[in-house]
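Colleague: I'm new to reading protein models. Could you walk me through a few features, one at a time?

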Amino acid sequence: MNTQLIKASILKLPKLVLGFTVIAIGINFSLYADLGTNPWGTFHQGISRISPISFGQATQLTGLIIILLSLLIKIYPGIGTILNMLLIGIIVDLLDKTGLFFVPELLVTKLAFLFIGMFLFNYGVYIYLSCGLGAGPRDGLLVGLVKYTGKSVSVIRPIIEVTVVLVGIFLGGSYGIGTIVNAFGGGYVLNVIFNYHRFNPKTVKQMVITELVH
């Protein structure tokens, strides 16, 4: 057992969970903006509408499938990957049940919810990726493709998300101007956040779970 790495990983867990919580808050803001959620949200809504599972459970199921598929292209999970799959869906559902979120009546407030949600979602992605404990299933795929192709996040992310949203719409997920804004603007926002914090996903090593036993 790599006790030093285990201890270091445990110390980073609060920051990791903070990142997941910020992401979940962002997801709820996007959902309640009622202008169309982000592309993955459309996909998860589609799954929840054709099955008996909740939105949060759909995110967990999708994460598990992506982890398994990523193994085929040698993208291995870390602690952050596993906890991302498990916790974000739970936190989204818990926040939704608090009654703190509401659907605004005014368009200007809906737009504010939309952009707040997009910013928080992407800032949460930065927070947990900066822990180096492993990218979440979706972001692991994103980071892997960025490294593999040499292209920037602002190029790869829209390609992934446009594909995802089309499948989500086919499954019955909701969509709107917010979906378009997130699909084409989310990658740019994330890139700006990365640059502001001088975080380069191409060079930052993300741990894989097998390192804990070596």
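**Reading a helix and its surroundings**

Modeller: Gladly! Keep in mind that this model is predicted. Let's start with a residue and its burial: T59 has a relative accessible area of 7%.

Colleague: Is T59 buried or exposed, and why?

Modeller: Buried means under 20% relative accessible area. T59 is buried because its value is 7%. This residue sits in helix α3.

Colleague: Which residues does T59 touch?

Modeller: Leaving out residues up to four places away in sequence, T59 touches H44, G89 and R138.

Colleague: And how do I read places along a helix?

Modeller: An α-helix has 3.6 residues a turn, so residues three or four places apart point the same way. In our case, a polar atom of the T59 side chain lies 2.5 Å from the backbone oxygen of G56.

Colleague: How many residues of helix α2 are buried?

Modeller: For α2, residues 39-49, the count is 10 of 11, so to speak "mostly covered". Among the buried ones are W40, F43, H44 and I47.

Colleague: What covers them?

Modeller: The cover includes α1, α3, α6, α7 and α8. At the start of α2, a side-chain oxygen of N38 comes to within 3.2 Å of the backbone nitrogen of W40.

Colleague: Where does the UniProt annotation place "transmembrane region"?

Modeller: The unreviewed UniProt entry gives several stretches, including 16-33 and 107-129. In the model, residues 16-33 are 100% helix, with end C-alpha atoms 26 Å apart. Residues 107-129 are also 100% helix, and their end C-alpha atoms are 33 Å apart.

Definitions and conventions. Residues are numbered from 1 along each chain as its sequence is written. This is a predicted model: local features need pLDDT of at least 70, side-chain atom pairs count only at pLDDT 80 or more; totals for chains, interfaces and linings use all residues. Side-chain values use heavy atoms; hydrogens and water are left out. Buried means under 20% relative accessible area, exposed over 50%, partly exposed in between (1.4 Å probe, protein chains only). Helices (H or I, at least four residues) and strands (E, at least two) are DSSP runs, numbered from the N terminus. Contact means heavy atoms within 4.5 Å. A polar contact is a pair of N or O atoms within 3.5 Å; within protein, one must be able to donate a hydrogen and the other to accept it, and residues adjacent in sequence count only if both atoms are side-chain atoms. UniProt positions are given in the numbering used here, feature names are shortened, and annotations may be inferred rather than shown by experiment.
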